[in-house]
Amino acid sequence: MKRIILIPMCIAIILAFPANALADERADSSPIAITVVVPALEEISQPQPVPPAIRPQLYPVSVWETRENGRREIIRVYELGENENPDHIRRESFERDGFRFELAEITRRPMPVYSTRDHVETITVNTQTSDLDTVIRLLSSTLEFMSDDSYFGVLALDISSIQIESDGTTTSNHTATRTREFPHLSSADTSLVPRTVTENGRTYNLANVDWRTQGSTAVDYRQIPTTFTAVATYTRTATRVATIGYTTTAVYRGSLSRIATGRTEFTAQFIGIPIVTPVLGTAQSPEEQAYEVEDAISAEAEPEEASEPQPMSIEIGHFSFTGLNIGNTGIIGHNRGRTNGFFFFVRSLQKGDILMLDADGIVRRYAVSRTFIIDETDFDPLMQFGDNRLTLITCVEYVQSQRRVAVAMEII
């Protein structure tokens, strides 16, 4: 078991975090002794926390890498369906080609899905004529249609599909009339007029006779009719058959389409951080060699830190506005240097590693849940979240404007 003993805290300014963010000296001047124990996983003898349930494996549909001005990024794109949980997207850091890639952000974009299908719609209309040309003019050449499952499209009339059927007939009786004239009759005597006439095989009976004078002569200075014209009206009872109407059916054909948002695109952006590989010797332990490399980095890669007016020397700091043994306990410290690199182990923490915090005689155990990178002005990880957790903050190699964070949840 690896044990790292941290001396009683003396609060000072570290990097870009403001001095007033760290704890002030306690009123009773009694220091708080904090011990962080980081056991190797294979050496843990006590019962382990219940491992999280195995989450479904999601695979990206595309992966690519960008390199610009020494900055490296790896982009993973996932397409998830309605029943897939974006929390299952892999967020763990990974190493490649001398860089350690940390998750920066995950963006979400709904993806419209277009689907089409052929459709045939039959309509029925009533008309008073069976003339095809007239019926075609009565029908619309196109038809807008929406199905019950939200497919929509414009269908076209199939003229060859038009069918016209009679709705039936009605029968009624009526009087058919014909008129005949019989001129040059010697008197207005109806016996001179035929009683029936025949037309197209149908017999009409005499119903009425009107007389007109055709010629006359003067007798004793009076005009006496001499010839007459009979205007005879003939009738018969006839039956009339009439069509009630026509039912016309026509078919419209075309394609329907629908837009849905059943899938969502998630883009995970990983930022590459260079990995410094020390040259190991035989006379030093790996920890001493790592500290030696860190001293070189501090002196060469980041000389400006040496000019800070109040550098943190050999202490760690507790954020006074965070909890201690309850709530979110925030602690900050250096991760390199032979004498003050107490948080060197934070760089290699992985999910599931066990941490033990001993403060004011109260010992609590924590399991690392995640590690990530933040800007130097980002204090969100130090907020209270309604649970007991330990938040460790330290530097990011070569990047002065960022901080490395490890969050561990209390093991009950």
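**Entry 1: Thr 329.** I began with Thr 329, which is buried at a relative accessible area of 0%; buried means under 20% relative accessible area, exposed over 50% and partly exposed in between, with a 1.4 Å probe and protein chains only. Before going on, I noted that this is a predicted model, where local features need pLDDT of at least 70, side-chain atom pairs count only at pLDDT 80 or more, and totals for chains, interfaces and linings use all residues. I also noted that residues are numbered from 1 along each chain as its sequence is written, and that side-chain values use heavy atoms, with hydrogens and water left out.

I placed Thr 329 in strand 15 (residues 328–332); strands (E, at least two residues) are DSSP runs numbered from the N terminus. What does Thr 329 touch, not counting residues up to four places away in sequence? I found His 318, Thr 322, Gly 323, Leu 324, Leu 357, Arg 389, Leu 390 and Thr 391, with contact meaning heavy atoms within 4.5 Å.

**Entry 2: the cores.** Leu 390 came up again in the largest nonpolar core, which has 15 residues. A nonpolar core is a set of buried Ala, Val, Leu, Ile, Met, Phe, Trp, Tyr and Cys residues joined through side-chain atoms within 4.5 Å. Leu 390 is listed with Phe 343, Leu 349, Leu 355 and Leu 392 as having the most contacts inside this core. I saw that strand 16 (354–359), strand 17 (362–375), strand 18 (389–396) and strand 19 (399–410) each supply at least two of its residues.

I then followed Leu 392: leaving aside neighbours within four places in sequence, its contacts include Ile 331, Phe 345, Val 346 and Arg 404. A second, separate core has 12 residues, among them Ile 74, Phe 99, Phe 101 and Ala 268.

**Entry 3: two loop residues.** Most residues other than glycine have a negative phi, so I looked up two exceptions. Asp 97 has a positive phi of about 50° and sits in the loop between strand 5 (94–96) and strand 6 (99–127). Tyr 221 has a phi near 60°, in the loop between strand 11 (202–219) and strand 12 (222–243). Are they buried or exposed? I have Asp 97 as exposed at 57% relative accessibility, and Tyr 221 as exposed at 87%.

**Entry 4: Val 154.** Last, I checked Val 154, in strand 8 (residues 152–166). Val 154 counts as partly exposed, because its relative accessibility is 48%.

Key. Helix = DSSP H or I, 4+ residues; strand = E, 2+ residues; numbered from the N terminus.
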